[in-house]
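Come along while I look things up one at a time.

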Amino acid sequence: MHGTITVIDKGPVRIHSYTAPEDGLDVTTQLIETPSRIIAVDAQFVLAYADEVTAYAKGLGKPIDRLVVSHAHPDHYQGAARFGVPVHALPETTAEIVAMGDRTDLPTGAPIPLGDMTPTVEITPGAEIIDGIPFLFEKVTGGEIHTTLVIKLPEQGVLVAQDVVYHHTHLWFLDRDFDGWQANIDRFATETEYDTILPGHGEPTGPVVWAELTDYVNAGRELLGDDGDAYKKAITARYPTYRGAALIDVANAYMFGPQG
């Protein structure tokens, strides 16, 4: 396996977090194993890594009930077709995925038709009981993207934050929405009943991540100017152990175009 798996037991729920390697942008898919089924959250960027996730899930001996797509960045939905199950998302997310159209698997050049990735089930924020487990679905705005989905398992103390949280991975500052990032960090940091935080990039963590993210957002405010190469050099020097340098390169390409 090229990715890494972290398993966390939470009574009747077991969390399997698959984090892709660097060439898969360190994206994390969550497999939430309930007593009789699996709820998958986010689908991977590289099709080969989506295949790793689904092969691992098959080995758990329970069916995947659904795939939930947290937001409309391609690294979280391109592998959706590999799951072979209904895809759920907020309506805003579905609309943006449709607007972006067909995609391509970068490592292989294989086309990914829009129809293979488009969510078909609309998520309405609120509570849902799935296989006897309470789930809370919340819409969050600002930060990495204007609309994203957060999932809470209140009885297990699990916050499926996805791209509201990166763990020891460089943040995506394309929108330069530092205030939005910090507002979400501050909001969820107050919810101390959640002791297990599942990020969209990187491995599972705990409440210590809120202070780490605040430090990084402040660094972004300070260092992100009008020179992408200089920013990458400065931010990677400040956080030399962080993964996800490729995320900086992709964001810089959108913000600044070719450099050097």
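Which residues of helix α2 (residues 91-100) are buried? I keep in mind that I am reading a predicted model. I looked along helix α2 and found T93, T94 and I97 buried.

**Entry: one face of a helix**

Next I looked down the axis of α2. The buried residues of α2 fall within an arc of 100°, so they line one face of the helix.

**Entry: strands side by side**

Now I turn to strand β5 (residues 64-68). How many of the residues of β5 are buried? I counted 4 of its 5 residues as buried, so the strand is mostly covered. On one hand, β5 is joined to strand β4 (residues 38-41) by 4 bridges, and β4 and β5 run parallel. In that pairing, A40 stands opposite L67 of β5. I followed the chain from β4 to β5: it passes through helix α1 (residues 47-58), and this β-α-β crossover is right-handed. I also found 2 bridges from β5 to β6, again a parallel pair. Here L67 stands opposite V87 in β6.

I stayed in β5 for one more residue, V68. With a relative accessibility of 1%, V68 counts as buried. What does V68 touch, apart from residues up to four places away in sequence? My list reads I39, A40, V41, D42, H88, I123, L149 and I151. I also checked V68 against A89: they are 21 residues apart along the chain, yet their C-alpha atoms are separated by 5.9 Å.

**Entry: the nonpolar cores**

A general thought first: in soluble globular proteins, nonpolar side chains tend to be buried together. Which members of the largest nonpolar core touch the most other members? I found L67, F83, F173 and W210, in a core of 60 residues. Helix α4 (residues 208-223) gives the most to this core, with 6 residues. Another core lies apart from it and has 18 residues, including I15, I32, V41 and L90.

Leaving out residues up to four places away in sequence, F173 touches F178, W181, Y216, V217, G220, L224, Y231 and M255.

**Entry: aromatic rings**

How many aromatic pairs are there? My count comes to 10. One of them is F135 with F137, a stacked pair with 6.3 Å centre to centre and 15° between the planes. F135 and F137 are both buried. F173 and W181 form an edge-to-face pair, at 6.1 Å centre to centre and with 85° between the planes. Both F173 and W181 are buried as well. I then traced the ring pairs onward: they link Y166, F173, F178, W181, Y216, Y239 and Y242 into a cluster.

**Entry: two positive phi values**

I remind myself that most residues other than glycine have a negative phi, and most peptide bonds are trans. With that in mind, I stopped at L25, where phi is positive, near 65°. L25 sits in the loop between β2 (13-19) and β3 (28-33). D26 lies in the loop between β2 and β3 too, and its phi is also positive, near 55°.

**Entry: near the start of the chain**

My last stop is H2, in the segment before β1 (4-10). Is H2 buried or exposed? At 58% relative accessibility, I note H2 as exposed. Setting aside its neighbours within four places in sequence, H2 is still in contact with P21, Y49 and E52. I also looked from H2 to G24, 22 residues apart along the chain, and found 9.8 Å between their C-alpha atoms.

Terms used
Residues numbered from 1 in each chain as written. Predicted model: local features only at pLDDT ≥ 70, side-chain atom pairs only at ≥ 80, totals over all residues. Heavy atoms only, no water. Core = buried A, V, L, I, M, F, W, Y, C linked by side-chain atoms within 4.5 Å. Buried < 20%, exposed > 50% of the residue type's maximum accessible area, 1.4 Å probe, protein only. Contact = heavy atoms within 4.5 Å. Arc of directions from axis to C-beta. Phe/Tyr/Trp six-rings, centres within 6.5 Å; stacked < 30°, edge-to-face > 60°. Pairing = 2+ DSSP bridges. Right-handed = clockwise from strand over helix to strand, strands pointing away.
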